[in-house]
Amino acid sequence: MKIAICLSGGIDSAVSAYLLKKQGVSLVGITFKLFEKQKEIEKAKFIAQTLDIPHHIIDLTQKFQEQIISYFINTYAQGKTPNPCALCNAKIKFGEVLDWTLKNLGAEKLATGHYVDLGEYQGELLLKKPKDTKKDQSYFLSLINKQVLPFLNFPLSGYLKEEVKIMAKEIFGIETSQESQDVCFLKRTSVKEFLSMFLQPKKGPVVYKEKVVGTHEGIFFYTIGQRKGLRLPLGKPLYITCLDPQTNTIFLGEKKDLAVKGLVLESLNLHLPIEKWTSPEAQIRYRAPRVKVKDIITEGKKTKVLFEEVVFGVTPGQVCAFYEKEFLLGGGIIVDKL
């Protein structure tokens, strides 16, 4: 079997490649250039040379700029909080890269260093939790097309992160500090610093209980549920409950004001048809606790999701993923709360 492995330059993809090479498969490395001066390319070349495997570099700079970075900036400008990694997985890694791999390399599968597994549930091939549940990355894969699942391979599904760190150091001399970032294009800068390069500060009012209590530099620097960084001495903990792009206003409230009974999704992406769901749970942010789903109602291009209990901090722009047991059922992008 011929397998292509995505080499990011980090320890997870490096060890994934090593494990596949040990299995005796015909292995080829792929690194995709996503922005200028990507140092990870040189690290990926070193890994490929160490393992003595062919290595290809795909220039996806323009498509990454158009599909991911522009989306990131524009979504923040609208007062929403995007999840660029989930979108990149859907459009770039398991979209552009997978298509190029199958067409140009003759590979049967594409492997990555994600901590996730594949398994059968309700007669369907689905993504599921890996052995290292603390590193579970299935949430970030909830937007990928179900049709690509048979072409994927995840060598780290049966390993703990600590085991991977040890192998990376012994085989490649790679330390943990050399791991790749989640949001790679931030280049070690904060979200605020990055956005400041593209969005001009736009002062507006901060409102609490219908009274203006301060000003802000631009709604795109903030997110719903945020408590720190407001710099307003109001005598008690307050949270951002709403970002209004129309009036450029930030609204504050107490924690109880963040409680909602449901949310609205767009671009619902299903890995398992809803009629096969029996006891679904929703996850509204990475590492957020899952909550039982009471009902799902699809109305045109949008889907209403009702919960069995109240949920705090539903944030437009973020991903809501659905699970049943250890299996990922799909996901969508949050556009509103209920």
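In this predicted model, 36 Å separate the centres of domain 1 and domain 2, taken over C-alpha atoms. Where these two domains meet, domain 1 contributes 8 residues to the contact and domain 2 contributes 10 residues. The protein as a whole is divided into domain 1 (1–170), domain 2 (194–252) and domain 3 (258–335).

**The interface of domain 1 and domain 2**

- The size of an interface is often given as the accessible area lost when the parts come together.
- Between domain 1 and domain 2 the buried area is about 740 Å², and carbon and sulfur atoms give 75% of that area.
- On the side of domain 1, the residues Ile73, Tyr76 and Gly79 supply 55% of the area that this domain buries against domain 2, which is more than any other three residues supply.
- The count of salt bridges between domain 1 and domain 2 is 0, while 1 residue pair is found in polar contact across their interface.
- Sorted by class, the side of domain 1 that touches domain 2 consists of 5 nonpolar and 3 polar residues, with no charged residues.

**Positions taken from the UniProt record**

- An unreviewed UniProt entry places the feature "active site" at Cys88 and Cys184.
- These positions span 97 residues in sequence, yet no two of their C-alpha atoms are more than 10.6 Å apart, so they gather at one spot.
- Of the two, Cys88 has its place in helix α4, which covers residues 84–104.
- The unreviewed UniProt entry also places the feature "domain: tRNA-specific 2-thiouridylase MnmA-like central" at residues 192–253.
- The end C-alpha atoms of residues 192–253 lie 23 Å apart, and this span is 8% helix and 35% strand.

**Salt bridges**

- Side chains of opposite charge can pair when their charged atoms come close.
- The count for the model comes to 11 salt bridges, and one of the pairs is formed by Glu124 with Lys146, whose closest N and O atoms are 3.1 Å apart.
- This pair links distant parts of the chain, with Glu124 in strand β6 (residues 124–128) and Lys146 in the loop between β6 and β7 (152–153), the two residues being 22 residues apart.

Definitions and conventions
Residues are numbered from 1 along each chain as its sequence is written. This is a predicted model: local features need pLDDT of at least 70, side-chain atom pairs count only at pLDDT 80 or more; totals for chains, interfaces and linings use all residues. Side-chain values use heavy atoms; hydrogens and water are left out. Domain bounds come from an automatic or database domain assignment. Contact means heavy atoms within 4.5 Å. Buried area is the accessible area (1.4 Å probe) that two parts lose on being put together, summed over both. A salt bridge is a side-chain nitrogen of Lys or Arg within 4 Å of a carboxyl oxygen of Asp or Glu. A polar contact is a pair of N or O atoms within 3.5 Å; within protein, one must be able to donate a hydrogen and the other to accept it, and residues adjacent in sequence count only if both atoms are side-chain atoms. Ala, Val, Leu, Ile, Met, Phe, Trp, Tyr, Cys and Pro count as nonpolar, Asp, Glu, Lys and Arg as charged, and the others, Gly among them, as polar. UniProt positions are given in the numbering used here, feature names are shortened, and annotations may be inferred rather than shown by experiment. Helices (H or I, at least four residues) and strands (E, at least two) are DSSP runs, numbered from the N terminus.
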